[in-house]
Number of protein chains: 2
Amino acid sequence: METTLIRSLYRETEKFVNKDIKISGWIRTLRDSKSFGFIELNDGSFFKNIQIVFDEKLTNFKELTKLAISSSLSIEGTLVLTPNAKQPFEIQAKKITLEGNSSSDYPLQKKRHTLEYLRTIAHLRSRSNTFSAVFRVRSIAAYAVHKFFQERGFVYANTPLITGSDCEGAGEMFKVTSMDLNNIPKKEDGSVDYSKDFFGKETNLTVSGQLSAETMALAFRNVYTFGPTFRAEDSNTARHAAEFWMIEPEMAFAELKDYMDVAEELVKYVINYVLENAPEEMAFFNSFIDKTLFSRLDNVANSEFGRITYTEAVDILKKSGASFEYPVEWGIDLQTEHERYLTEKVFKKPIFVTDYPKAIKAFYMRENEDGKTVAAADLLVPGVGEIIGGSQREERYKVLEKRIEELGLNKKDYWWYLELRKYGETKHSGFGLGFERILMYITGMSNIRDVIPFPRTTGSAEF
Amino acid sequence: METTLIRSLYRETEKFVNKDIKISGWIRTLRDSKSFGFIELNDGSFFKNIQIVFDEKLTNFKELTKLAISSSLSIEGTLVLTPNAKQPFEIQAKKITLEGNSSSDYPLQKKRHTLEYLRTIAHLRSRSNTFSAVFRVRSIAAYAVHKFFQERGFVYANTPLITGSDCEGAGEMFKVTSMDLNNIPKKEDGSVDYSKDFFGKETNLTVSGQLSAETMALAFRNVYTFGPTFRAEDSNTARHAAEFWMIEPEMAFAELKDYMDVAEELVKYVINYVLENAPEEMAFFNSFIDKTLFSRLDNVANSEFGRITYTEAVDILKKSGASFEYPVEWGIDLQTEHERYLTEKVFKKPIFVTDYPKAIKAFYMRENEDGKTVAAADLLVPGVGEIIGGSQREERYKVLEKRIEELGLNKKDYWWYLELRKYGETKHSGFGLGFERILMYITGMSNIRDVIPFPRTTGSAEF
């Protein structure tokens, strides 16, 4: 008999009522009385378990009642509706075959475990309710991102992770080498001889695909990256990981407002797609992780995001009378406390803050007419603060060149980036969205370590 | 006026006939007579250009005729059908605005360039016909992969790239470190003090997500990875890159034949999806890159893949009378010449070769009853040889443990991998598909450097 997935039993129940079916999966709970046994079985295809009822007519009844949690079974039986029970249906088993044993020291027993403990058994935690929900939502959200961009004709750009330039300027980089660290080849002057390394030069792990993505936007018009990026920053917080996934769209013939339109549409699309395609998981998060989740997400999905300039934001904050740890003055980088005040207390919805002071933003952002600010915009959302940063890019060769020089960067490192401005420069814009940031927002999980299957953070690269 | 994409003009022409529209894009070619000019404009949204006709009524007629290739323009005009011309329609321009200048030394002039030369201008090559086609097909094929698995309920598993184990056993690894290579911290015995490194231990770039994916398959049943992997192998061939993308599905409660069913379905799905969604690009490849492309892909999409055992394959090769560089004997690893002979001369369609000798396959492959072979299968396709490798995984704790010991591997490194066999072992299977391999097959491009936007190979990490 063909094996049916539990997902199908829940989604298309009517097809299976009173029919004989075969399923397979792992025991989540098992209890028995003298002549009956009940198993909650999960087969991985669906968030919910299915109840199996078996009785002493089965020749292996006794052995079954002694099985450890997480043993795997295949089961033949009949699906029967149970209108008076809390579950909609159950399987009355005719035959249960043990596929694989588990052991009584299986760590995920029914009692609640802390998230910290579950991180130490990352190879098993996907079998818990919480992580089964988190990682399925991660998968669905990732697909929503691809679907969004592909439906709009954006080209998925696989930009390189190993980079020969250290000019991305977005943070500390990991070095990549094939040299023997116990015996590094040296030049006569005692410095590392990179000509002996795999690539014949110093290489690092990328902190952003943006500069490469720009080359492709100036060919395909609209492109996006979606892949791993890295930061070797020693920041042991709940929001930082050394390896994380970024989405970096880049659009030619697009101004700052066009980026904001696309970013707003994207955020709403991903939220709605996950709500529609993972209703069980989302209900679980709303009940057990964050009781404000649905109202928070509804607010984002249904408001028109606000748009104010940095200068207006500073005015609002200064006039607010609120006391902040970091005093507000034109020119400062907004801190999370400021961002949250603006989006939670003042606007009560997501807002874009635009036109930041040039001095606190990256060299590639387009200088505004005022000579003081750049055409940048950050998206702030209630409960978190910034989740997206983006800008119009400086497309004017001479302005970009001057900016590179002003900041003491090495022009030679940017030869190909500058050439994009020489051969058919166009205005273009783009943004970066940390995938884990939006996952934390959508699931209510408060630590980045809990939205990545095997997180890499300072001092930790287990599994 | 709203800007319209050239893709829409081609795909929904009837909506725009004799209408005024606005477009923007880059000049691919420009020619003029005394009072007329013709521009082939490409806006990145579509493989084909659109013809713009302009005349001396435009006040900037003279300047326009002098523009360099790749200058960017926005154009207002009327779309007019041209039933007697080679293109189906053209734009009669009413207003042409220069957005950004190009320069007369723009490297992509109309003449043909070698693929080798184009690699040296990887920041511009996406603007050529060939690479515009390759990288759009890459994007569409990537989406096809996600769509295939998501439609079947597979969970997308983002396995880590930085790995603390060197036990993946699939090839040479790159080291990842935050230490200063000019001044590596040493222990008293003179060896590297990894406790001072970012993760407090030695770390590498992954060569395969499989072992991590298995942990998730034993929770979600069906999962797939799709992300970058790395090999620090000094092999300067047309088929090897140091950084490439792999697709690694892993399925619980699945035997070898189930993996083969899914792999066959996947390959056909991706080919058909690309043929349907990139018809212009595929026609270009079939005309200019490989004239056998369509017949080769049709053959794959429409045959039922053959399945023979390794032992049968060796028999066929030995009896064939063909002379091979590497002599055939039971126990050898099949070489590309053998693989191609089988799939091209004998079967004339894709075939799975199954049940390889244990000694030439990885430790995690499931041992068959005969004690000599393992439940592995490679997919061989005409024109290339192997494009997929996979196996049923050894789910029996004791057999796996013994195999790890036999091969002299360190059991401690595999504690979590072994635990999967302790807590609800199930038969499970999976495979690996090199994304660039299938892209080369689909596009006819013969060098892996030409299907990756910015390739990383021995001695080369440019851009």
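A crossing is called left-handed if the near helix is turned anticlockwise from the far one by less than a right angle, and right-handed if clockwise.

## Basis of the description

This is a predicted model, in which local features need pLDDT of at least 70 and side-chain atom pairs count only at pLDDT 80 or more, while totals for chains, interfaces and linings use all residues. Residues are numbered from 1 along each chain as its sequence is written, chains are lettered from A and ligands numbered from 1 in the order in which they are written, and side-chain values use heavy atoms, without hydrogens and water.

## Helices α4 and α7 of chain A

Helix α4 (residues 129-151) of chain A and helix α7 (residues 279-288) of chain A have axes that come within 9 Å and cross at roughly 125°. Helices (H or I, at least four residues) and strands (E, at least two) are DSSP runs, numbered from the N terminus. Axes are lines fitted to C-alpha atoms, for helices over the stretch in contact, and angles run from 0 to 180 degrees between N-to-C directions. α4(A) and α7(A) are therefore oblique to each other; angles under 35 degrees count as roughly parallel, over 145 as roughly antiparallel, 65 to 115 as roughly perpendicular and the rest as oblique. The crossing of α4(A) and α7(A) is left-handed.

In contact (heavy atoms within 4.5 Å) are residues of α4(A) including A:Asn129, A:Ala133 and A:Arg136, and residues of α7(A) including A:Glu281 and A:Phe284.

## The interface of chains A and B

The area buried between chain A and chain B is about 9,000 Å², with 62% given by carbon and sulfur atoms. Buried area is the accessible area (1.4 Å probe) that two parts lose on being put together, summed over both. In chain A, the residues losing the most area to chain B are A:Leu181, A:Phe198 and A:Tyr423, together 9% of what that side buries.

## Salt bridges

A salt bridge is a side-chain nitrogen of Lys or Arg within 4 Å of a carboxyl oxygen of Asp or Glu. Six salt bridges are counted between chain A and chain B. The side chains of A:Lys422 and B:Asp105 form a salt bridge (3.2 Å, N to O).

Over all chains the count comes to 64 salt bridges. B:Arg138 and B:Glu436 meet through their side chains in a salt bridge (3.1 Å, N to O). B:Arg138 lies in helix α4 (residues 129-151) of chain B and B:Glu436 in helix α13 (residues 435-443) of chain B, so the pair ties together parts 298 residues apart in sequence.
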